[in-house]
Amino acid sequence: MTDFDLQEELQSIQDLGNYNIENEHDLHSMEPNAMSALLDEAVGAVSESSESIADPRIFDIYRSLLKHADVLPGPLMSKLLDSISSGFLAQTETAIRDVDHEDQQTYVAHKTPLEMYAFLLNWFVGAAEKVKGSAGDDVPVAPVRSRRGRGGKAAQSKNALKQKAAEWSWEDQIPPTLALISKVLRLKTNKLWTTSAHRETFVR
């Protein structure tokens with residue numbers, strides 16, 4: 001994805017109802033295990049190479065998960081954050097090494113993936129507010145379709161999913177997220193972004 005504009009994307013997600021994702025996955029129509037499989041696909045790709053975030057199909061999985069975070073179970077929110085953070089850190093560390101070696105042709109290639117990870121992390125922070133983590137909160141979960149003669153099991157599955165979601169807390173994720181941001185700020189941003197406006201958009 002070469003036409004990614006960080007400033008434009010950050011503005012666009014302020015109106016999610018009109019935010020278009022080319023390869024969007026509607027989580028509202030998916031079972032929790034299908035959501036998990038979808039996330040696993042993206043996690044696997046980014047684990048293989050942090051540059052996979054620039055693959056429109058993979059990037060759109062992350063965007064879909066964040067757009068529909070209101071139905072994403074807590075444990076998957078944690079896994080989603082771990083994947084975004086791991087990919088962002090790997091891309092940052094590689095960029096730092098390339099910048100230190102003054103290989104301009106190589107380090108400039110990190111700019112778009114870094115912006116995409118920054119965008120996802122920024123979006124995650126806002127989306128995390130939709131998944132309440134403390135016990136007793138009304139945690140939004142994906143509906144579990146009941147099957148004929150097995151309504152009891154469906155109800156149990158839904159209750160179990162609520163309990164799992166209640167175990168997740170955004171507050172617990174804040175320290176490692178701040179640690180990641182601290183590492184990202186070690187980047188020599190003036191090497192990657194030649195204008196102050198683009199640098200400020202990335203670091204803010």
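## Aromatic pairs

Two rings of Phe, Tyr or Trp (for Trp, its six-membered ring) are taken as a pair if their centres lie within 6.5 Å, and the planes count as stacked when under 30 degrees apart, as edge-to-face when over 60, and as tilted for the rest. In this predicted model, where local features need pLDDT of at least 70, side-chain atom pairs count only at pLDDT 80 or more, and totals for chains, interfaces and linings use all residues, that rule gives 7 aromatic pairs. One of them, formed by phenylalanine 88 and tyrosine 117, is stacked, with 5.9 Å from centre to centre and 15° between the planes. This pair links distant parts of the chain, since phenylalanine 88 belongs to helix 4 and tyrosine 117 to helix 6 (residues 111-127), 29 residues apart. Both phenylalanine 88 and tyrosine 117 are buried, where buried means under 20% relative accessible area, exposed means over 50%, and partly exposed lies in between (1.4 Å probe, protein chains only).

A single aromatic cluster is formed by Phe4, Tyr19, Phe59, Phe119 and Trp123.

## Overall composition

Residues are numbered from 1 along each chain as its sequence is written, and side-chain values use heavy atoms, with hydrogens and water left out. The protein chain contains 10 helices and 0 strands, the elements being DSSP runs numbered from the N terminus (helices H or I, at least four residues; strands E, at least two). Read from the N terminus, the order of elements is α-α-α-α-α-α-α-α-α-α.

Of the 204 residues in the protein chain, 45% are buried. The chain exposes about 10800 Å², of which carbon and sulfur atoms supply 47%, the areas coming from the Shrake-Rupley method with a 1.4 Å probe and, for residues, with only the protein chains shown counting as cover. Among contacts (heavy atoms within 4.5 Å) with a separation of 6 or more, 75% are between residues 24 or more positions apart.

## Helix 4 and its partners

Helix 4 (residues 74-100) packs with helix 8 (residues 170-184) at an angle of about 10°, their axes lying 10 Å apart; axes here are lines fitted to C-alpha atoms, for helices over the stretch in contact, and angles run from 0 to 180 degrees between N-to-C directions. The two helices, helix 4 and helix 8, are therefore roughly parallel to each other, on a scale in which angles under 35 degrees count as roughly parallel, over 145 as roughly antiparallel, 65 to 115 as roughly perpendicular and the rest as oblique. On the helix 4 side the contact involves Ser78, Leu81, Ser85, Phe88, Leu89, Thr92 and Ile96, which meet Trp170, Gln173, Thr177, Leu180, Lys183 and Val184 in helix 8. The residues of this contact divide into 7 nonpolar, 5 polar and 1 charged, with Ala, Val, Leu, Ile, Met, Phe, Trp, Tyr, Cys and Pro counted as nonpolar, Asp, Glu, Lys and Arg as charged, and the others, Gly among them, as polar.

Helix 2 (residues 32-48) also packs with helix 4, the axes coming within 10 Å and crossing at roughly 10°, and helix 2 and helix 4 are therefore roughly parallel to each other. Pro32, Met35, Ser36, Leu39, Asp40, Val43 and Val46 in helix 2 meet Leu76, Lys79, Leu80, Ser83 and Gly87 in helix 4, and the residues of this contact divide into 7 nonpolar, 3 polar and 2 charged.

## Buried aromatic residues

Tyrosine 117, in helix 6, counts as buried at 1% relative accessibility. Leaving out residues up to four places away in sequence, tyrosine 117 touches Val46, Ser50, Ile53, Ile84, Gly87, Phe88 and Gln91.

Phenylalanine 202 lies in helix 10 (residues 196-203) and counts as buried at 7% relative accessibility. With residues up to four places away not counted, phenylalanine 202 touches Leu6, Phe88, Leu114, Glu115, Ala118, Val184, Leu187, Thr189 and Trp193. The C-alpha atoms of phenylalanine 202 and leucine 6, 196 residues apart along the chain, are 7.6 Å from each other.

## Partly exposed positions

Glutamate 41 in helix 2 is partly exposed, with a relative accessible area of 37%, and beyond its neighbours within four places in sequence it is in contact with Arg57, Ile58 and Ile61. Threonine 94 in helix 4 is likewise partly exposed, with a relative accessible area of 25%.
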